[in-house]
Amino acid sequence: DLEALEHEGRDYIMQLDRMAGIRKNRASIAEWAYTSNITKENEEARIQIQLELSKQEKQAWEETKMYRWQDFQDFSLRRMFKKYSQLGVSALPDDKYKLLMQSVSGMESNYATSKICSYKDSAKCDLALEPDITELFAKSQDPEELKHLWVEWHKAAGARARANFTQYVQLDNEAAKLNNFKDVAEWWQSEYEVPDFEQQLAKLWEDVKPLYQQLHAYVRRRLRDKYGDQVVSARGPIPAHLLGNMWAQTWNNIESFTRPYPDKKEVDITQAMREQNYTALKMFRMSDEFFRSLNLTAMPEKFWKNSIIEKPTDREIVCHASAWDFYDGEDFRIKQCTTVDYEYFQTTHHEMGHIQYFLQYKHQPVIFRDGANPGFHEAVGDTIALSVSSPKHLRRVGLVQGDAEDEQTEINQLYKMGIDKIVFLPFAYTLDLFRYGVFRGETQPEDYNCHYWRLREMLQGLEPPVNRTEEDFDAAAKYHVSADVEYARYYVSFIIQFQFHRTLCQLAGEYVPEDLTKKLVDCDIYQSVAAGNALANMLKMGSSKPWPDAMEALTGQRAMRADGLLEYFRPLHEWLQAENQRTGEYIGWEPSKIQYC
Ligand SMILES: C=C(C[SeH])C(=O)N1CCC[C@H]1C(=O)O
Ligand SMILES: [Zn+2]
């Protein structure tokens, strides 16, 4: 009878889950070995193990689908079977599976090992993205040097990935079809378990776009003031190489010469960190201490032993920051090439947020050890970092001196947060709208660069520094495109982290709507056990329930909405509107004159 069948099904799936944990542990170990020491043999070993594990997965899958789990009574049991009934890329025949692994691995190692020549010294050709190019791009205010770095990096890391990318698209789409998806776009969106995910992204963009356009117009004027109208036009898109970041995904590196009230004291956190002899380890210890202050879980001993927190000098590694779950309940690691600066201070909290999520849901069955949706996993650390970057907290830890002055200081603070959080949204939206089009076949290889820049211009109001052709492939110059990492997760994160932050600030007694002494912009939840417990309760759920349940458990809302972000930035939005009106700034941008299609 059904009762007995369900009982047998439970025994089966729990045994399968234990085996899956062992497989994932082995996969993580092989992946770590390769990405922390990029050599041909480590790449081959990793692919060999992936191939072996995929065979085991396929066998297990054959057995799993024999169960009539759709009729089971228990919700969690049904959910476990549903997730295990999706085989993934292992559904590909061995030869295609191997080809797919090789094409992604080829792109990723190209990205990780690409070097370019210096602008000032054409004989110096050992500049890596981290730390060399990143540092130069953050500091240089020479448009010609920035143009050189931008063009050379996009040639080395972007154009060179085109062939592998085209093959990866073909094979990944075949895998999608074997999993009963139309294409990879549908497969990626299925992770969010809502039928209208793409419409939700579009709605969120409509909500935030007016604020972005005001910020874009203001920044364009300040850049025109600095570089002149031969470099930055009054009504056109902003050249993408002038924003302090290789992908113009965050503009925090131009804050020092574009902030609204320049005569207010300079708040240079990076300088303060360096003056106070911060080290990578100190940054990690401080982050761990913040999480513990919320009554969350301390980093386990193995974390401190096994993590790589600085770039090794004796080998090539994948420097792009990452957090690792080894699915054995004990081994959790971060790998990042930390530099002592404000940006990496944020990244450290971001990665520690991933580890905290791993720790909170480690008691779950392996199949539920995941974010409620991919965006939740990206939002945890950033939510904590919203408190860490508040003036109140920076004063608490001695990175900022003196007291909160006045409304102008607050506008400067909101501006600093806005050129990080608001400008990121159209960037993130572009990256996956582009790839949705590629996977759907709406964008053919001969149109890759043209379609990428059409979206960049339409959504971000940017243009390339020089003409582009289909010899280029600028999208792959971004890590996540070369590494096959879905990006809508960050778009979701940058929206929901403000919903999380607002709730946690209220629980911490740090934010009271309409109380001018308890403003959201200056909320710091540090040491609030009430906030920490509420966050922990949501994190413990992992992916055991659909994400609206997790969202409701923490915030009382069941949807992702821009109202948290818009509330946080309202004073800045009003200031920008007044300021752009005062200077008669043109809001939006006319078509670019640069050739890229
Ligand atoms: C820090 C990570 C590793 Se999950 C990252 O890739 N992030 C964090 C914010 C956006 C995105 C990026 O760097 O593009
Ligand atoms: Zn992340």
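## Asn-295 and another positive phi

Asn-295 is partly exposed, its relative accessible area being 46%. This is a predicted model, and in it Asn-295 has a positive phi of about 70 degrees despite not being a glycine. You'll find Asn-295 in the loop between α11 (280-293) and α12 (301-306).

Gln-527 is another one to look at: not a glycine either, with a positive phi near 70 degrees. Gln-527 sits in the loop between α20 (488-507) and α21 (529-539). For context, most residues other than glycine have a negative phi, and most peptide bonds are trans.

## A cis peptide bond

On the peptide-bond side, Glu-130 and Pro-131 are joined by a cis bond, with omega at about 0 degrees. Pro-131 belongs to helix α5 (residues 129-139).

## Around ligand 1

Now for the ligand. The shell around ligand 1 splits into 4 nonpolar, 5 polar and 3 charged residues. Among them are Ala-321, Glu-378, Phe-424, Lys-478, His-480 and Tyr-487. Helix α13 (residues 342-360) is the top contributor to this shell, with 3 residues; the shell also includes His-350, Glu-351 and His-354.

A few side chains put polar atoms within reach of ligand oxygens. For His-320, a polar side-chain atom lies 2.7 Å from an oxygen atom of ligand 1. Gln-249 has a polar side-chain atom 3.0 Å from a ligand 1 oxygen, and for Tyr-490 the distance from a polar side-chain atom to an oxygen of ligand 1 is 3.3 Å. On its own, ligand 1 exposes 380 Å², and the protein buries 84% of that.

Methods: Residues are numbered from 1 along each chain as its sequence is written. Chains are lettered from A and ligands numbered from 1 in the order in which they are written. This is a predicted model: local features need pLDDT of at least 70, side-chain atom pairs count only at pLDDT 80 or more; totals for chains, interfaces and linings use all residues. Side-chain values use heavy atoms; hydrogens and water are left out. A residue is near a molecule or strand if one of its heavy atoms lies within 4 Å of it. A polar contact is a pair of N or O atoms within 3.5 Å; within protein, one must be able to donate a hydrogen and the other to accept it, and residues adjacent in sequence count only if both atoms are side-chain atoms. Accessible areas come from the Shrake-Rupley method with a 1.4 Å probe; for residues, only the protein chains shown count as cover. Helices (H or I, at least four residues) and strands (E, at least two) are DSSP runs, numbered from the N terminus. Ala, Val, Leu, Ile, Met, Phe, Trp, Tyr, Cys and Pro count as nonpolar, Asp, Glu, Lys and Arg as charged, and the others, Gly among them, as polar. Buried means under 20% relative accessible area, exposed over 50%, partly exposed in between (1.4 Å probe, protein chains only).
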